[in-house]
Structures are given as structure tokens and as C-alpha cells.
Amino acid sequence: MSERLSRARAVRLGWTFAAVTVLCALPFYLDAFWLRIGLFSMAAAVGAVGLGLLTGTAGQLSLGHAFFLAVGAYGYVWLAGEPGPGLPTAVAAVLAVLLAGAAGGLFSPVAGRVRGIYLGVATLALVFLGHHVLLTADSVTGGFNGRSVPPLEVGGFSFSSDSDLTLLGVPFGAEERLWYLGLALFAVTWFTACGLLRGRPGRALVALRDSETAAAVMGVDVSRYRSAAFVVSSMYAGLAGVMLALAFRRVVPDYFGLVLSVDYLAMIVIGGLGSVAGATAGAVFVTALPLLMTRYADQLPLVAAPGTTDGAVGPTEAARYLYGAAIVLTLLFAPDGLHGLVRRLRARLRHRLTAPPPADTASPSQPPTSAVRAKEPTP
Amino acid sequence: MTTRTTAPPPLTVTDVTVRFAGLTALDAVSFTVTPGSVHALIGPNGAGKSTCFNVLSGLCRPATGTVRLGDADLTRLAPHRIAALGVARTFQNIVTTRGTVADNLLLGRHALSRAGFTASALRLPHARREQREQLARACEAAELTGLGPHFDSPVALLSYGDRKRVEFARALCLEPSVLLLDEPVAGMNAAERARTVEVVQAVRAELGLSVVLVEHDMGLVMRLADEVTVLDFGRVIAHGTPDEVRRDPEVLRAYLGTGAETEDAA
């Protein structure tokens, strides 16, 4: 048993190592377009992990994720920039994450009382409120035109193209540098979220989702855990907001609208509710697909070249159609999300590899007691 | 499972009344669960047995009356605080969470473990150590209830009887001093019933806890219970040892029918 366990662990370590190596090597081979897709995907993945924790694991529907992303993004810009306190950017980034967490904490009295679809509508109010504030509080948010984002600087190293840096013959601009920052932050997100989900808090949150009554009777402080889920989720959203701000280099109010919230919901549903890997896969899917389709749509049949208006479908519209179709197909053929799809494929592969001896001792599908259970009248 | 050195405190229910919009579900109900005994609550459907359990576990607040566990007043406490004091329960309709048997049993260890959000997220050494220890405890509870072979199986794949057992094991994981069992053998076949009775007797002997039992299976009640309280329309109509209750004319009229039928049910 322990031998098999340690072997599985070694395999997993091997895969992790390979994935990290490939991800670290990519900036040496990819141009800025692909790197930018990667940056947006990593930021979205962090945000999606946060929403997955709240909606997928703890079962609290939130349409307000865009609000907490905005708090993180604008919090960073204001804290690090002018006008604003002009703090060191690294400090500003950390404070922005905490600020988003505090915003989630402020909302938690509402979250503690309202459930299900009613909570969804209550969080919807946050998005409209946030959007209004972003548009009107000019001195902090820059109003309709937004604000430019000060580049992050850690220990004298700037994540921008200001200074020249060449590694192994590859010029390292803002995208390349931010790529590694994004990877590091995503790794932190993955590590902490998996720890949470597998640990005591994760089990308590799952219990809340499946039955609040059972959770309470087992000793889970229901209202406390409901609020905590909101705070933690908002902190991940805040971090994602900071990452997005750094990748965009400019924050504008219109980005943080209801559509963004819905995008994040789409990410966790497409990826598969309740898992970190699923949220990540969904985030990459929802972020990268429209960008890729817009870029390559002109190579598809029946799509007009950009700029021409001869009645054919424009590349942007075509990209939208394909994106929509991809979502519908995913939900039809992978109702438990990309994560579930991968898991099923892997199980089938393993089954085929071990097919000759069909005795699957690990399979619990036939509990021994069910064979002897007979119908019996209850007195 | 560690054996308690001291006897569990008595659970005292005094004059508890519960009303739901004009309907009196419990009417001045009083009884005391003697430490270390098996106390059965019986009565026809709608007699208020489950409401009584909900009051004991804090899911339902009585209009008047008190529930005390030793010196602690449970009447106004939130359910999770009552759980922390050592009152565990199972549900009539099985309420498990998705995930494996291990996940469910570890949930039962929630009140007895400490790791919070920060410690778990950063996987601090003490949180990981605690997780390992709790897993070992949960494994013991699974062995005790005969769930050992299913420890890593998803609960959804288990048979009905096994899922009832998961609830039972999860309640045991709380290391309770009072265990509330709501129809623990409903829907089980004879072998599974016998097995559950064995386990209840074993945990009572080993852990020295008090058990409050709601059950329709009269044979099982008569075999397991030290004391029986009979409810009818929210009122206590009889109280005593199984033999006394069995002979009580009021009980026979309200619930058991004739004596011959009682024997049949066994």
C-alpha cells in the first residue's frame, strides 16, 4: 500500500517537475502575443480558483467576483500610484490583496444570511455599485478613462521594459518578466488552495455545501465558515486583480462589469466545480479561446479579412460564435467539466492498460453487503 | 478511540415545549438520560421524537424548558457549540457529504481538531501532523463500525446500510459523551441490524457513552434499551424499563397494540 502510494507520489512529482520546466522555458520560445495570453490565463486562473472555492466548494453562488477583482486591481493602482499614497509597489500589491479580503469580509454579514440564488442577486448589486464608484470617484479611479498601472518593482527589479535585460540571447521585456511573476503567484495559489481544500477548512466548506444542518451538528460554525469562504475567495480575486492590472498596464471601469463575473462563473463550470485543476483549465479555456479565435479567425472559411465589410462574418463575430459553440459542446459532452473529462479519460486509459486481469480490487462499485441485502418489511 | 476515564454527565430534559405555528410538537417533555445508559425514545409517527432530537442537538429552540448536559445549559446554544460539548447525532434520512468515507469521518473530527485557514493553506507542520493524527482516529472509527474496507470509497457508491453506518461512524468520530441515534437500523436487513446492535453495544461498553435512541424496531429497542420513554402527540405517556413500558396499558393502547404483536416485531 505505502509502496504504491510513494510510487504515485513519485509519478506526480515527475509530472509537476516537467510542467514547471516547460512553463519556465516558454518565454524563450514564444512571442509577446502568446505570452500575453499566458499572463491573462494565469491571472484568470487565480481568480477562478478563488471563485471555485466559494461557489464550487462552499456552494455559495457569487456574481460579484468582478467587484473583488476590481478592488484588487484599483487598490494596487491607487496605493502604488499618484494620486494615492505612492507606496512601494510590492507593499501596495500585498495591501491590495488584503483590501479585497476586507471587502469580502464587509460583505460577509449579507453572505451569512442570504442563500442560493438570492445570494447571487445580492452579489450582483456589488458589481453595479462597484462600476458606479469606479466611474464617479475620479480622484481615486481616474473615472471613465481609468488609470495607468505603475509597474511592479521588487528589490530594485522592475517588471517592465524600462531596463534592458537579455537572457540566453532573448531580450526580456515586460511580458517575459511578468510571465515568471505570474507563474510564481499561480504556484502560490495552487499550493494554498490545494492545502485548504484537502485540510480541515475544505472539508467544512464541502459540508456547508452539501448540508448546513449536518455541518452544524458536526461542529462546524456555519456562519463563520460562510464568511471565511467569502474572505478567502475575495483575496484570491484581489490577487488576480493585481495580476490583471499588471498585464493590462491600464485599468478601466468597463472591464470590471457583469460580463466578467459571468466569465468567471463560466470558467469554474467549464473546468469542473470544486477542484483547483478544474478552475485552472476553465480559466485557460475561457481566456485563451476568444483571443486565439480572434487571431486566427481569418484563416477559417467564410470569414472575411479584418476591415472588409462584404457581408461575410467578421473575425470577431466568428470568434464569438465558435467560443459559444465550444462552451455548449463542453457542457454537453463533459457535464462535470474539463477536470471530470480528463479524469474519465485517464480512468479509461488505465483500465485499458490493466485490462487482461479484469479484477479491479480498488473498485468499490460492488459493496459485498448489497449482494446479501434482501427486501424485508420494516416493522 | 480513547476510553473516557470519567462517566459522561447526565443529559437532563426539563419541561421542553416546542410549538410550530399553533401545533404543539412537544408538550412539557421531561426525561433524564442516565450516564452510560441506552435510553430509547419511542412513539407513533408524529409523536415528536425527531423534534426532540432537534432540540437536543440545537437545531430547534424550545419555547420553554431547558436541556442540560451536566452543568452546561444546551437550550440556547448553537448546534456547533453543542457538538463541541460532546453531543453527536445521526439523521433519520442519511445526510452525508460527497467524497469518500474518510472525508466524512474527518468531518466528524472537525470539533476536535484545530487547523484553521492559514495553517491549512500554508500546510504548516502542525496542521499536517494534525491531519495525519485525525486520519488515524477516523480509521479507528471505521474499523470499529466495520467500514474499514470502504475507508477510501466514495460514499455515493456504498449500500444503504453502509451509508447509515458512515453516519454512525461520523458521529462516533466526535468522541461524544452522548450519542443521539435517529432510527439507526431503518431500511437494514436482519444481518445489518444485528451488526449495528453489536456495534452500539461495543461502543457503549468501550467508550462508556450514553446513547439516546429513536427506533421503530421494538425488538431492537427491548434488547438494547435500559430505559424507555414513550411519546404520543408530544407528551410523555410512559417511562421506565423496557419491561415496565411493555406492560403499561397506556402504551399498549397508544402505540404497541397488543402484547402478542410486540413479540412478533422482535
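Colleague: Into which domains is chain B divided?

Modeller: Domain bounds come from an automatic or database domain assignment. Chain B has domain 1 (7-68 + 75-88 + 201-266) and domain 2 (98-160), with C-alpha centres 30 Å apart. This is a predicted model, in which local features need pLDDT of at least 70, side-chain atom pairs count only at pLDDT 80 or more, and totals for chains, interfaces and linings use all residues. Residues are numbered from 1 along each chain as its sequence is written, while chains are lettered from A and ligands numbered from 1 in the order in which they are written.

Colleague: What does the domain assignment of chain A give?

Modeller: For chain A there is domain 1 (1-30) and domain 2 (31-352). Their C-alpha centres lie 25 Å apart.

Colleague: How many residues does the contact take from each domain of chain A?

Modeller: Two residues are in contact if their C-beta atoms, placed from the backbone, lie within 7 Å. Here domain 1 of chain A gives four residues and domain 2 of chain A gives eight.

Colleague: Which residues have the most contacts inside the largest nonpolar core?

Modeller: A nonpolar core is a set of buried Ala, Val, Leu, Ile, Met, Phe, Trp, Tyr and Cys residues joined through C-beta atoms within 7 Å; buried means 20 or more other C-beta atoms within 10 Å of a residue's own. The largest such core has 168 residues, and Val46(A), Met243(A) and Leu213(B) have the most contacts inside it. Leaving out residues up to four places away in sequence, Met243(A) touches Met42(A), Ala43(A), Val46(A), Gly182(A) and Leu185(A).

Colleague: What share of chain A counts as buried?

Modeller: Of its 379 residues, 43% do.

Conventions: Buried ≥ 20, exposed ≤ 12 C-beta atoms within 10 Å, placed from the backbone.
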